[in-house]
Amino acid sequence: AHVSEPIFAFFEKPVSAMSFCRTLAVESSLFVRRPFGREPPPFTVRVPAGVALVAKTVNGQVDAARLNGDLTLSTVNGSITFSTTGTGRATTVNGPIRGEMGRADWADRLQMSTVNGGISLTLPASLSTDVRASTVNGDIITDFPMTITGRVTRRSIEGTIGGGGRTLSLETVNGGITLRKE
């Protein structure tokens, strides 16, 4: 996982017990002082297979690539890009969200949102979910056959992919929404 803002890692267990850790939480420092005009170096975190990652920053992008666990990623000013064999959740205000998930078995509701940016997700072909997608300035595109269950407008869609069940909620203001088959 890569975050462009300096971050600190918080562990619930001592380092010697990391092999038993189920969640790794990483959060940016709001108190880092930088020399004027200098950007901080990227901060890289290596996440063991099967460990969930929670990464948060304010001013910077979040990149989490080739992971083998569930992800929860957030930033305010930056893009979010991820790929995992698990599931992912992402929120940002100013930036796009691009993700690839190897599993689509999240519990209840999976939500992704941004204000200024699009959302592009690649999901397993076996996806079964209820979809709620909305955008003000953008298109909604899906590779999956969808049964419409609610209203359809140029700006929003409600429907079911596969057998439905769990909910996938995607929201943006300035950007498109794309669902791709793996």
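**Chatting through a predicted model**

Student: Leaving out residues up to four places away in sequence, what does threonine 92 touch?
Tutor: Threonine 92 touches Thr75, Val76, Gly78, Ile80, Ile97, Ser113, Thr114 and Val115. Keep in mind that this is a predicted model.

Student: Okay, so is threonine 92 buried or exposed?
Tutor: Threonine 92 counts as buried, at 5% relative accessibility. The cut-off for buried is under 20% relative accessible area.

Student: And where in the chain is threonine 92 found?
Tutor: Look in the loop between strand 9 (88-91) and strand 10.

Student: What does the side chain of threonine 92 reach at 3.4 Å?
Tutor: That would be the backbone oxygen of threonine 75. Thr75 is also one of the residues that threonine 92 touches.

Student: Which residues is threonine 72 in contact with, skipping neighbours within four places in sequence?
Tutor: Those are Leu53, Val54, Ala55 and Arg89.

Student: How far apart in space are threonine 72 and lysine 56?
Tutor: They're 8.4 Å apart, going from C-alpha to C-alpha. In sequence, threonine 72 and lysine 56 are 16 residues apart.

Student: Now the core. Which residues in the largest nonpolar core touch the most other members?
Tutor: Leu73, Phe82, Met112, Leu121 and Leu170 do, out of the 32 residues in that core.

Student: What's leucine 73 in contact with, if I set aside neighbours within four places in sequence?
Tutor: Its contacts are Leu53, Ala55, Val62, Ala64, Ile80, Phe82, Arg89, Ala90 and Thr91.

Student: Changing topic: how many salt bridges are there?
Tutor: The count comes to three salt bridges. In general, side chains of opposite charge can pair when their charged atoms come close.

Student: Which residue does aspartate 70 form a salt bridge with?
Tutor: With arginine 103, and the closest N and O atoms are 3.2 Å apart. Aspartate 70 lies in the loop between strand 6 (62-67) and strand 7 (71-74), while arginine 103 lies in the loop between strand 10 (97-101) and strand 11 (109-113), so the pair ties together parts that are 33 residues apart in sequence.

Student: How accessible is aspartate 70?
Tutor: Aspartate 70 is partly exposed, with a relative accessible area of 30%. Arginine 103 is partly exposed too, at 34%.

Student: What about aspartate 105, which residue's side chain meets it in a salt bridge?
Tutor: Arginine 103 again, at 2.9 Å from N to O. Aspartate 105 is partly exposed, with 43% relative accessibility.

Student: And which residue is paired with aspartate 143?
Tutor: Aspartate 143 forms a salt bridge with arginine 180, where the closest N and O atoms are 3.2 Å apart. This pair links distant parts of the chain, 37 residues apart: aspartate 143 is in the loop between strand 14 (140-142) and strand 15 (147-152), and arginine 180 is in strand 18 (residues 177-181).

Student: Last one: which residues form the nonpolar patch on the surface?
Tutor: Val76, Val93, Val115, Val136 and Val173 do, with about 290 Å² of accessible area together. Among them, valine 173 is found in the loop between strand 17 (167-171) and strand 18, and valine 173 is partly exposed, with a relative accessible area of 30%.

Technical notes: Residues are numbered from 1 along each chain as its sequence is written. This is a predicted model: local features need pLDDT of at least 70, side-chain atom pairs count only at pLDDT 80 or more; totals for chains, interfaces and linings use all residues. Side-chain values use heavy atoms; hydrogens and water are left out. A salt bridge is a side-chain nitrogen of Lys or Arg within 4 Å of a carboxyl oxygen of Asp or Glu. Helices (H or I, at least four residues) and strands (E, at least two) are DSSP runs, numbered from the N terminus. Buried means under 20% relative accessible area, exposed over 50%, partly exposed in between (1.4 Å probe, protein chains only). A nonpolar core is a set of buried Ala, Val, Leu, Ile, Met, Phe, Trp, Tyr and Cys residues joined through side-chain atoms within 4.5 Å. Contact means heavy atoms within 4.5 Å. A polar contact is a pair of N or O atoms within 3.5 Å; within protein, one must be able to donate a hydrogen and the other to accept it, and residues adjacent in sequence count only if both atoms are side-chain atoms. Patches are made of residues with over 30% relative accessible area and no salt bridge: like charges are joined within 9 Å, nonpolar side chains (Val, Leu, Ile, Met, Phe, Trp, Tyr) within 5 Å. Accessible areas come from the Shrake-Rupley method with a 1.4 Å probe; for residues, only the protein chains shown count as cover.
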